[in-house]
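Dear colleague,

Please find below the structure for your review. My notes on its contents follow directly after it.

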Amino acid sequence: MRVDFYQLSRDPAELVLPRLAQGTLGAGERLLVVSEDAAQLGRISEALWTRIPESFLAHGMAGGEHDVRQPILLSHEPVPANGARYLALADGVWREFEDVARVFLLFPPDRIDDARGTWRMLGKREGAERKYWRQEGGKWLEGP
């Protein structure tokens, strides 16, 4: 499993996720976006429709009758009802899950201590590949 840590310093998760989702779909994968914050999921939903002018990113909220068909599913729980193997933790909170190939952990500056703890924990886990990304201007640079 690969885990990409995204330290959000300029843009909130809802502005970063559309590009990550677009890349995920371009790789032929499905995405599960998880946040405990219902308002954040609402902002992410809006951004998936409007953030990238040349396309819209079809998605749905978990709990509907068509969850299994959604290329991008927004949920409060890390349960990939759409069969996603890619997971975005939009609220910066690490959760345990099974059968995931890639995780995007997006965290704001006030969650950096939690992210560091997760980094250390994953460093002890066999098969976990970690990458760290930070915003500099309008670009993402691999860190520290």
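With which side chain does the side chain of His59 make a polar contact? The partner is the side chain of Trp49, at 3.4 Å; a polar contact is a pair of N or O atoms within 3.5 Å, where within protein one must be able to donate a hydrogen and the other to accept it, and residues adjacent in sequence count only if both atoms are side-chain atoms.

This is a predicted model, in which local features need pLDDT of at least 70 and side-chain atom pairs pLDDT 80 or more, while totals for chains, interfaces and linings use all residues. Residues are numbered from 1 along each chain as its sequence is written, and side-chain values use heavy atoms, without hydrogens and water.

His59 sits in the loop between α2 (38-50) and β3 (60-61); helices (H or I, at least four residues) and strands (E, at least two) are DSSP runs, numbered from the N terminus. The side chain of His59 also reaches the backbone oxygen of Leu57 at 2.7 Å. His59 counts as buried because its relative accessibility is 9% (buried: under 20% relative accessible area, 1.4 Å probe, protein chains only). Leaving aside residues up to four places away in sequence, its contacts (heavy atoms within 4.5 Å) include Ser45, Leu48, Gln70, Ile72 and Leu74.

The lining of the largest pocket takes its largest share, four residues, from α1. A pocket here is an open set of points on a 1 Å grid over the protein atoms alone where a 1.4 Å probe fits, with protein on both sides within 12 Å along at least five of seven lines; lining residues have an atom within 4 Å of a point.

Kind regards

Conventions:
Buried < 20%, exposed > 50% of the residue type's maximum accessible area, 1.4 Å probe, protein only.
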